[in-house]
Amino acid sequence: MSPIATLFRSSIGRKFLMALSGIVLVGFAIGHLVGNLQIFSHPDHLNGYAEFLHNTGPMLWVVRAVMLLSLGVHVWAATVLTLENKRARGGQAYAAGKNWLRAPFASRYIRLTGYVVLAFVLYHLAHFTLGVTNPADFKGAHAYVMQGDYAVAGLPVVAAGTQVDNVYLMVYRGFESVPVSLFYIVAVGLLSLHLLHGIDSLFQTLGLRSQTWAGALRKIVALVCLLYFIGNVAIPGAILTGALAPHPAAEVYSVSATATAASAQN
Ligand code: HEM
């Protein structure tokens with residue numbers, strides 16, 4: 001059997017694939033949060049950043065393909081491992097008592113939190129990437145005129161005066177809805193719990209969790225997950241409570257898509 005086939009066919013191989021795909025997904029989740037936090041500054045930042053990502057063309061699709069593959073492998077491996085565990089126990093749940101009491105909350109509910117997060121990601125794609133749930137406020141419905149250059153590592157990548165999608169306004173309007181914001185808050189809470197156990201067991205699977213530093217690792221992972229949770233909740237939380245008023249530039253320099261299309265024809 002080739003090493004690749006062994007990875008997919010053996011239990012330990014599937015655990016390794018789950019850890020590897022988990023690293024990719026955690027990297028994306030943290031990078032995505034850092035990008036999203038730009039909503040707390042001028043709309044040029046979030047809008048320029050989104051435009052820059054969309055302008056990377058084929059690179060964006062390579063990253064999307066890697067993400068999709070990682071998500072697919074992660075969910076597949078988790079499902080197969082769960083079914084194997086069930087079969088090994090002969091369909092019996094763990095004997096009541098010790099395991100139940102000893103397993104910390106995050107590890108006991110790792111599968112449940114995983115599937116809820118998957119449902120959240122599908123909703124999130126429909127909301128902010130495809131605009132199915134909120135077509136009137138979708139990023140393409142309002143173009144935005146950049147007020148200054150957007151720079152990456154000191155290099156201007158989106159010039160002032162460029163018309164770009166108004167991602168800032170889309171996110172702002174999206175989180176003005178109480179049920180939508182509450183769903184996001186619950187989902188990122190569950191995602192943070194998922195990461196709490198997931199990152200810890202990822203180190204275990206890769207053989208990087210020795211007895212000597214398991215305690216310190218647990219504390220570091222808990223801190224990272226707590227910061228991740230706070231960062232994610234801050235966005236819908238600040239919008240919903242009014243702590244973050246929409247930056248006036250987001251509306252003032254916003255052009256409706258129909259006006260943009262009409263001026264393009266003239
Ligand atoms: C408050 C929290 C969040 C905000 C404000 C937010 C915002 C956004 C926005 C605006 C987009 C569309 C970007 C564009 O097409 O220009 C997007 C896409 C996406 N988000 Fe989030 N997001 C949040 C949380 C999350 C979480 C927790 C996850 C899952 C780990 C996630 C996963 C994704 C994915 C997979 C995409 C598609 C990326 C692509 O188009 O290639 N987001 N998000």
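## Ligand shell

Helix 7 contributes the most residues to the shell around the ligand, namely 5. Helices (H or I, at least four residues) and strands (E, at least two) are DSSP runs, numbered from the N terminus. At least two residues of the shell come from each of helix 2 (11-36), helix 7 (110-129), helix 8 (167-175), helix 9 (178-205) and helix 10 (214-241).

The ligand is surrounded by 19 residues, the closest being Ala 29, Asn 36, Ala 50, Phe 128 and Ile 235; a residue is near a molecule if its C-beta atom, placed from the backbone, lies within 6 Å of it. By class, the shell comprises 12 nonpolar, 5 polar and 2 charged residues. Here Ala, Val, Leu, Ile, Met, Phe, Trp, Tyr, Cys and Pro count as nonpolar, Asp, Glu, Lys and Arg as charged, and the others, Gly among them, as polar.

## Basis of the model

This is a predicted model, in which local features need pLDDT of at least 70 and side-chain atom pairs count only at pLDDT 80 or more, while totals for chains, interfaces and linings use all residues. Residues are numbered from 1 along each chain as its sequence is written.

## Nonpolar cores

The largest nonpolar core holds 21 residues, and Leu 46, Val 167, Tyr 168, Val 171 and Tyr 172 have the most contacts inside it. A nonpolar core is a set of buried Ala, Val, Leu, Ile, Met, Phe, Trp, Tyr and Cys residues joined through C-beta atoms within 7 Å. A residue is buried if 20 or more other C-beta atoms lie within 10 Å of its own, exposed if 12 or fewer, and partly exposed in between, with C-beta atoms placed from the backbone. Two or more residues of this core come from each of helix 3 (43-55), strand 1 (142-145), helix 8 and helix 10. Helix 8 gives the most, with 7 residues.

Beyond its neighbours within four places in sequence, Tyr 172 is in contact (C-beta atoms, placed from the backbone, within 7 Å) with Ile 239, Pro 246 and Ala 250.

## Overall architecture

The chain has 12 helices and 5 strands. Of its 266 residues, 24% count as buried. Its C-alpha atoms fill a box of roughly 70 × 45 × 35 Å along the principal axes.

Methods. Contact = placed C-beta atoms within 7 Å.
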